[in-house]
Amino acid sequence: MEPYQSVFKRKEIKYLLTEAQLASLRPALEAHMEPDAFAHSSISNLYYDTPDYRMIRRSLEKPSYKEKLRLRSYGVPNDQTPVFPEIKKKAQGIVYNRRVSMPYGDALRYLSRRQPGGDGQIFQELNWMLTSYGSLAPRIFLSYERDSWKGQEDPTLRLTLDREILWRTEALDLRRGAWGTSLLEPGQVLMEIKISNAAPLWLAEALSENGIFPVSFSKCGRAFELLCKNKINETEIKRYARIPLYDLGDGTGVSRRLPALGGAGLRHRAGLPEHQRRERHHDLGPDGAALSGAAGHFAGQRQFGRRRGGGGSIQ
């Protein structure tokens, strides 16, 4: 196995680029940088967390100190492929990465507390994290295709370009390969500049000239936000799918979902005699097209929820 770096300490600055911006920036990069020893990598990660995602939620609060635990592989591993259990910490704007290498099968058993790890300071830190958080397990898979550059004059200057960033919360096994939901919009590239001190002047000028500015972006944090959004949507769909639809009695044949006032209050609000009130199995979407099933329930209820300002709708 080739030697690997076990400890990193540096600033990491992130930028979301379009391919057009990257093309404009490339001449400056090629004049001052070159591909590093691992010019292209297919990277896969399992992010470990508690059942309530304590570490990710803490990270999104932007505290002065935060930490993550992940298991990283380069390519799709088998049980004997070397992989990297890694602690990633950020304190006062400085990122610290501390990792060890072990076969994938051993790493899974170690991180699930089914076998001991090894000796040394980094294993002690990993042991402490596994003990202090308790029920850590894989929660999010993330993969991406990475191009890596290093400075010609300053080899500690590194720049990475990540594309095809995919995430999932099922099949949380690196042996299952890279597939999932895209994290970026089509044509976007995530660029990271990794520096020990200040960025060189040529790089700062090139970024400014091309209108490229830093962003706050966490791959794992963004995946968690999308996961929460999906869960909310699923909950809302299931909730509104249970709300009955009532004919408005205006001759249009259109049904609407009405506030659950019940009894005479519902008939008064709708302006309907009781014999005209009946359940329907379709709704009308915002564009006037008929929607069926849960999709129709969801679309209609959002409109009523906003007008009445409550009832559990998402504002």
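**Ground rules.** I worked from a predicted model, in which local features need pLDDT of at least 70 and side-chain atom pairs count only at pLDDT 80 or more, while totals for chains, interfaces and linings use all residues. I numbered residues from 1 along each chain as its sequence is written, and I took side-chain values from heavy atoms, with hydrogens and water left out.

**Aromatic pairs.** I looked up ring pairs, for which the centres of Phe, Tyr and Trp rings (for Trp its six-membered ring) must lie within 6.5 Å, with planes under 30 degrees apart counted as stacked, over 60 as edge-to-face and the rest as tilted. The structure holds three such pairs. One of them joins Y74 and F84 edge-to-face, at 5.8 Å centre to centre and with 80° between the planes. This pair links distant parts of the chain, since Y74 belongs to strand β3 (residues 65-74) and F84 to strand β4 (residues 82-91), ten residues apart. For burial I used relative accessible area (buried under 20%, exposed over 50%, partly exposed in between, with a 1.4 Å probe and protein chains only). On that scale Y74 is partly exposed at 38%, whereas F84 is buried at 6%.

I then noted that Y110 and F123 also pair edge-to-face, at 5.5 Å centre to centre and 75° between the planes. Here Y110 comes from helix α3 (residues 104-111) and F123 from helix α4 (residues 121-133), 13 residues apart. Y110 is buried, with a relative accessible area of 2%, and F123 is buried too, at 10%.

**Charges over rings.** I counted a charge as sitting over a ring if NZ of Lys or CZ of Arg is within 6 Å of the ring centre and within 35 degrees of the ring normal. R168 lies over the face of W179, 4.2 Å from the ring centre, and the charged end of K219 sits over the ring of Y144, 4.8 Å from its centre.

**Helix α3.** I next asked how much of α3 is buried, and found that six of its eight residues are, so the helix is largely enclosed by the rest of the structure. The buried residues are Y104, G105, A107, L108, Y110 and L111. They pack against β2 (33-49), β3, β4, β6 (102-103) and α4. Taking contact as heavy atoms within 4.5 Å, and leaving aside neighbours within four places in sequence, I listed M102, Q115, P116, G117, F123, L126, N127 and L130 around Y110. Just after the helix, R113 takes a positive phi of about 65°.

**Nonpolar cores.** I defined a core as a set of buried Ala, Val, Leu, Ile, Met, Phe, Trp, Tyr and Cys residues joined through side-chain atoms within 4.5 Å. The largest has 23 residues, and those with the most contacts inside it are L69, L71 and L126. Each of β2, β3, β4, α3 and α4 supplies at least two residues of this core, and the largest share, six residues, comes from α4. Another core lies apart from it and has 19 residues, among them L17, L25, M33 and A206.

**Salt bridges.** I searched the whole structure for a side-chain nitrogen of Lys or Arg within 4 Å of a carboxyl oxygen of Asp or Glu, and the search finds 21 salt bridges. In one of them, E86 meets R99 with the closest N and O atoms 3.9 Å apart. E86 is in strand β4 and R99 in strand β5 (residues 94-99), 13 residues apart. E86 is buried at 1% relative accessible area, and R99 counts as buried at 8%.

R109 and D106 form a salt bridge with closest N and O atoms 2.7 Å apart, and being three residues apart in helix α3, they are separated by about one helical turn. R109 is partly exposed at 31% relative accessibility, as is D106 at 25%.

Finally I looked at K219 and D162, whose side chains meet in a salt bridge at 3.5 Å, N to O. K219 lies in helix α6 (residues 219-240) and D162 in strand β8 (residues 158-168), so the pair ties together parts that are 57 residues apart in sequence. Both K219 and D162 are buried. Salt bridges that share partners join R10, E12, K88, R146, D162, E192, K194 and K219 into one network.

Conventions. Helix = DSSP H or I, 4+ residues; strand = E, 2+ residues; numbered from the N terminus.
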